[in-house]
Amino acid sequence: MQDETREQYARTRLLLGQKGLDRLRSARVAVFGVGGVGGYVVEALARSGVGALDLVDDDKVCLSNLNRQIIATRSTLGMYKVDAAAARVRDIDPGITVRTYKTFYTPETAGQFDFAQYSYVVDAIDTVTGKLSLVMQARAAGVPIICSMGAGNKLDPSRFEVADIYETSVCPLARVMRAECRKRGVERLKVVYSKEPPLSPLPEETGEEPASGPESRPGAPKKRAPGSIAFVPSAAGLVLAGEVIRELSGISQK
């Protein structure tokens with residue numbers, strides 16, 4: 001198996017070196033949200049050889065996920081997303097330690113997680129309150145975090161970029177996060193966001209209730225689901241993963 005593992009990461013070694021691969025193997029990354037964006041984060045981290053992954057999401061795979069989520073296939077319908085992602089990771093590299101949490105992350109559930117154990121935190125969840133809690137928990141533990149801003153209602157994957165939250169513009173979610181981070185004294189926060197103005201969903205296609213996600217939970221306020229497509233959330237997820245991999249492997253230029 002050792003020889004197989006070495007061959008599996010041979011192409012990665014050409015870019016990161018053995019020391020970079022060793023750093024990734026010793027890292028433990030928590031990915032909060034394993035949907036359209038987070039699923040691609042998990043995929044790239046696994047294929048890069050990150051040694052331990054903590055996957056957090058309480059949602060199940062449904063039909064409306066098939067258009068954009070890498071973990072969503074006909075064979076995974078009805079599975080918890082973290083279970084589908086974990087099975088995929090183990091099929092890529094059985095040596096990766098995967099921990100799954102069927103948890104809807106909120107400030108109230110934050111106590112279930114020991115952030116000090118993580119090498120990096122990836123925020124790919126939808127709610128502002130959850131995102132802010134992740135930022136503050138990671139900050140208190142001294143752990144780096146990168147946050148995904150809005151990827152819905154967009155069609156141009158080339159517009160995603162990495163920036164500090166206070167350098168963002170256009171994105172409505174980033175605008176809210178800027179204000180809330182400023183209130184909490186957060187001096188800097190690495191995010192992935194797009195300057196593409198959000199599109200309005202076609203009016204004749206907006207009659208359906210969201211099939212999954214936080215808005216579908218009992219008692220949650222009804223909110224129209226954003227439009228989404230195969231090649232935009234995936235692009236955001238891969239940019240997020242790329243930042244994590246470069247930093248953890250020691251080759252980041254930022």
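Let me start with strands β1 and β4, which run parallel and are joined by four bridges; two strands are said to pair if DSSP finds at least two bridges between them. Helices and strands here are DSSP runs, of at least four residues (H or I) for a helix and at least two (E) for a strand, numbered from the N terminus. Please keep in mind that this is a predicted model, in which local features need pLDDT of at least 70 and side-chain atom pairs count only at pLDDT 80 or more, while totals for chains, interfaces and linings use all residues. Residues are numbered from 1 along each chain as its sequence is written, and side-chain values use heavy atoms, with hydrogens and water left out.

Within this pairing, Val29 stands opposite Tyr120 in β4, and the bridge partner of Phe32 in β4 is Asp123. In a regular strand the side chains alternate between the two faces of the sheet. In β1, residues 28-32, Arg28, Ala30 and Phe32 point one way and Val29 and Val31 the other, and all are buried, where buried means under 20% relative accessible area, exposed over 50%, and partly exposed in between, with a 1.4 Å probe and protein chains only.

β1 also pairs with strand β2, residues 52-56, in the parallel sense over five bridges, and Val31 has Leu55 as its bridge partner in β2. Together with helix α3, residues 38-47, these two strands make a right-handed β-α-β unit; right-handed means that, with the strands pointing away from the viewer, the path from the first strand over the helix to the second runs clockwise.

On to β4 and strand β5, residues 145-148, which pair in the parallel sense over three bridges. Between them the chain crosses through helix α5, residues 128-141, and this β-α-β crossover is right-handed as well.

Now, what joins the side chains of Tyr120 and Glu247? The answer is a polar contact of 3.1 Å, that is, a pair of N or O atoms within 3.5 Å, where within protein one must be able to donate a hydrogen and the other to accept it, and residues adjacent in sequence count only if both atoms are side-chain atoms. Tyr120 itself counts as buried, because its relative accessibility is 2%.

Finally, helix α7, residues 233-249, has 17 residues and reaches 24 Å from its first C-alpha to its last, close to the 24 Å expected at 1.5 Å a residue, the expected span being 1.5 Å times one less than the number of residues. Because 13 of those 17 residues are buried, α7 is largely enclosed by the rest of the structure.
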